[in-house]
Amino acid sequence: MASELQRRKVSGVFRAMDVDGDGRLTEADFQALARRWTAVAGSADPERLASVMTGWWPVLRAASGRDGDNAVTIDEVLLVVEGLGDRADAVSATADAMFEAVDIDGDGLISRSEYGALIETWNGTPTVTDEVFPRLDLDGDGHLTRDEFRTHWTEFWAGDDPDAPGTYVFGALVE
Ligand SMILES: [Ca+2]
Ligand SMILES: [Ca+2]
Ligand SMILES: [Ca+2]
């Protein structure tokens with residue numbers, strides 16, 4: 001069973017991933033997400049980025065179960081999220097692809113403004129990140145390293161700790 005914390009985390013990202021806002025995730029949502037990300041594409045190879053993003057679609061579709069409607073509900077996403085502990089490689093590949101996409105100046109670090117671009121790209125709308133960035137920047141040097149980001153990303157998707165900074169990697173949770 002998904003915990004209440006996992007449900008709140010997934011509610012927020014479901015909204016971000018449901019690009020056409022019809023309350024279900026479909027292949028069209030993933031194609032739209034991939035286009036959104038490849039439009040940023042800092043130092044990332046756009047083809048790799050698109051393939052990482054769209055690569056999650058078959059994983060989710062496989063969880064969409066018996067009804068065969070090729071659409072994934074929030075409960076079905078939760079089922080996938082519960083199994084992500086076993087897919088650590090795929091989770092960190094996604095973290096790396098997104099890291100490279102928003103490392104716009106290619107210095108191997110995510111600055112505060114690059115992090116803002118990440119969240120805006122993920123959500124599809126401008127989002128205030130002033131409060132969350134310092135929590136994620138564990139050593140306070142003003143940047144997120146690839147390792148810092150990977151840790152937070154993995155915590156968000158595979159962890160279940162309300163006190164972990166990574167729980168807030170996309171900002172405040174929905175109520
Ligand atoms: Ca949709
Ligand atoms: Ca950078
Ligand atoms: Ca740092």
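This is a predicted model: local features need pLDDT of at least 70, side-chain atom pairs count only at pLDDT 80 or more; totals for chains, interfaces and linings use all residues.
Residues are numbered from 1 along each chain as written, with chains lettered from A and ligands numbered from 1 in written order. Local features need pLDDT of at least 70 and side-chain atom pairs 80 or more, while totals for chains, interfaces and linings use all residues.

Q: Why are α5 and α8 called oblique to each other?
A: The axes of α5 (residues 88–102) and α8 (residues 146–158) cross at roughly 130° and come within 9 Å. Under 35 degrees would be roughly parallel, over 145 roughly antiparallel and 65 to 115 roughly perpendicular, with the rest oblique. So this pair is oblique.

Q: What makes the contact between α5 and α8?
A: On the α5 side it's A88, V91, S92, A95, D96 and F99, and on the α8 side R146, F149, R150, W153, T154, W157 and A158. Being in contact means that C-beta atoms, placed from the backbone, lie within 7 Å. By class, that gives eight nonpolar, two polar and three charged residues.

Q: What makes α3 oblique to α5?
A: Their axes come within 10 Å and cross at roughly 140°, which makes the two helices oblique. R48, L49 and V52 of α3 meet A93, T94, A97 and A101 of α5 here.

Q: Which residues touch the most other members of the largest nonpolar core?
A: L49, M53, M98, A101, I110 and L118 do, out of 37 residues. Such a core joins buried Ala, Val, Leu, Ile, Met, Phe, Trp, Tyr and Cys through C-beta atoms within 7 Å, and buried means 20 or more other C-beta atoms within 10 Å.

Terms used
Axes are lines fitted to C-alpha atoms, for helices over the stretch in contact, and angles run from 0 to 180 degrees between N-to-C directions. Helices (H or I, at least four residues) and strands (E, at least two) are DSSP runs, numbered from the N terminus. Two residues are in contact if their C-beta atoms, placed from the backbone, lie within 7 Å. Ala, Val, Leu, Ile, Met, Phe, Trp, Tyr, Cys and Pro count as nonpolar, Asp, Glu, Lys and Arg as charged, and the others, Gly among them, as polar. A residue is buried if 20 or more other C-beta atoms lie within 10 Å of its own, exposed if 12 or fewer, and partly exposed in between; C-beta atoms are placed from the backbone.
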